Amino acid sequence: MTANARLREAAADTPDVQRCEDFLVHEAALLDEGRFDEWLALFTDDAFYWVPSEPNQASPHDTVSLIYDDRRLLETRVRRLASPRIYSQEPPSRTSRMIGNMRIVEAQPDGGRLVRSKFVLVEYRREQQRLFAGTCFHKLVPLAGALRIKMKRVNLVNCDAPLDGLVVPF
Amino acid sequence: MQPQSADELAKLVQPGRVHRRLYTDPAIFDLEMERIFGGPAWVYLGHESQIKQAGDYFATRLGRKPVVMVRDVDGAVRVIHNQCAHRGALVVATEKGNTPEFICCYHGWTYHLNGRLKAVPLNHGYPSEFDPDDPKVGMLQVPRVASYRGFVFASEAKSGPSLEEWLGHMTTSFDDLIDRAPEGEIEVAGGVFKHAFDANWKVYFENLCDAAHPLFVHRSSIDAAQQQSDEVYSDGSGEIAIRQMRQNGAPYSFWETQVGIWTYPNGHSYLGDYHDDAKLVAAMQDPVFRDYIAALEKKKGREEARRILEVRRWNSNVYPNVSFMSQFQQLRVVYPITVNRTVVHTYNFGSRARRSRCSATPSASPTRSTALARWCSPTIWKSTIVLTWGCRARGPSGCRSAAATAATSRILRAGGAARIRPAKSISATCTTPGSS
């Protein structure tokens, strides 16, 4: 392979704004459509999914989080969502998410991108509608020609409020 | 609705069942706030480590009333009503902080840390009867405040049982919580986890000593955890959470014969031997946990350390509003909001030794820092999982331990006076939602 071809290939695998945005919109659709197994498949094998309990929380290790899943716990969480005995999803929630204001904030040495976006999420269940909003950080890495999530952090604007049960992932 | 007569209230609790009105009637809720949370009960407010320095304050609630727990200049812990003596405005608007004095945002009335009035702008403009030195003109102190080994309680009743009398045997659960720290001192650490649900506060409290529910209601997380491969990557947080969920799947025979429910006078209770440290945190394979045990043995001696670690109480439930679990160093405060709305705040404790280990290793290897994190705050994972994964409350149904409700009924009938009879042990009482 020539040097130019290698450069072209590297460029093709480098996530640009459009590719990252397409990815986030796809992820939101999977969650809204309840395709949680496919959502899980977006994560790398060593991924983390984190929803802090404090604004500007520095670490998941010395302060409690609303959700802090390593890959093993994320798998358990997603498997539970498919359980016929998940009474907190009887009937299931319906959700609708808007993703916007996306920016690549950092290009990382492994070819990954740290991406910042805003979201608004409406959740409806049993005659009650809830509104969530916040900022997402995704660390996206190219893997075998596709983007995968190495880390997802969700900063809820009301992260330190007393929240009713959180079952459907953000 | 008119106030209930003692006879009417007495009928709500019968052998083997309690009436659903105790969970749904706003008039009963009003009585509870007046006669229990505003009466002789000692209500848990916070831990002294939340207000270490003079001027440190923590704004919270005593029943429905906003109060401030504050460290006075003389080192004493005061609890004052968070209300300006002038027009009733809320004085302290932030949950915690440090201040030399309290200033009302409305007209600038200023108070000492003990709630006594310090200064009033334009004070020549008030009626001649106005006496700023009158102790009744201030942010009023709650009549009784007491601490058991750092755990601060308050009571609106001027007289009644002392805190230790009120706690009775439950002091041994607090001892268990504290004795596990090698240095013999614990402090609030790791933030606060808040959650809310649409159900009566007693439903939550009774659920904490209900050994009949986990296998059934937690089935979805039990199945998901039992099917989970341990080969998948975990930094430790997932591992302990999954162990916890799997343990909820123990068969009924285990819950019946090994766990057990202990109930005590005044509505207190605890759930017995749920599972040991080895099941929770793979203690024997965990180097950090082994270091912890070594530190405990060094400080307290091998025999005493073993005695401490063999105390296995799951939830210790101190009526009416606090529950804790010493293996996880976790404590939950229950706030009744309305008859059908409850908020729970979950705190974690660490010992000073643990904290210094944490902060001393900011650049530890991922494995090491994970293990340290587990040691520093093992409870964090538990609270995240149980509360985040828990079901929404679905109203009272089925069999439950109704110690909290029985205690509520007794105090209501006593008219809020400090005439609280020792309770008979009530281990499993059926609610009868359909009866009236």
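In chain A, strand β3 (residues 94-107) and strand β4 (residues 113-125) pair in the antiparallel sense over 11 bridges. The model is predicted.

**The hairpin of chain A**
- The hairpin of β3(A) and β4(A) has 5 residues between the strands.
- Gly111(A), in this hairpin, takes a positive phi near 85°.
- Across the pairing, Ile99(A) stands opposite Phe119(A), a residue of β4(A).
- Strand β3 of chain A lies largely in the open, because the number of buried residues is 1 out of its 14.

**The contact between chains A and B**
- Chain A brings 33 residues into contact with 39 residues of chain B.
- On the side of chain A that touches chain B, at least two residues each are supplied by β1 (43-52), β2 (65-70) and α4 (71-81) of chain A.
- The most is given by α4(A), with 7 residues.
- By class, the residues on this side of chain A comprise 14 charged, 11 nonpolar and 8 polar.

**The two domains of chain B**
- The domain assignment divides chain B into domain 1 (43-160) and domain 2 (186-403).
- Their contact takes 6 residues from domain 1 of chain B and 8 residues from domain 2 of chain B.
- On the side of domain 1 that touches domain 2, strand β3 (residues 43-47) of chain B provides the largest share, 3 residues.
- That side of domain 1 of chain B has 3 polar, 2 nonpolar and 1 charged residues.

Note on methods: Residues numbered from 1 in each chain as written. Chains lettered and ligands numbered in written order. Predicted model: local features only at pLDDT ≥ 70, side-chain atom pairs only at ≥ 80, totals over all residues. Contact = placed C-beta atoms within 7 Å. Helix = DSSP H or I, 4+ residues; strand = E, 2+ residues; numbered from the N terminus. Nonpolar A, V, L, I, M, F, W, Y, C, P; charged D, E, K, R; others polar. Domains from an automatic or database assignment. Buried ≥ 20, exposed ≤ 12 C-beta atoms within 10 Å, placed from the backbone. Pairing = 2+ DSSP bridges.
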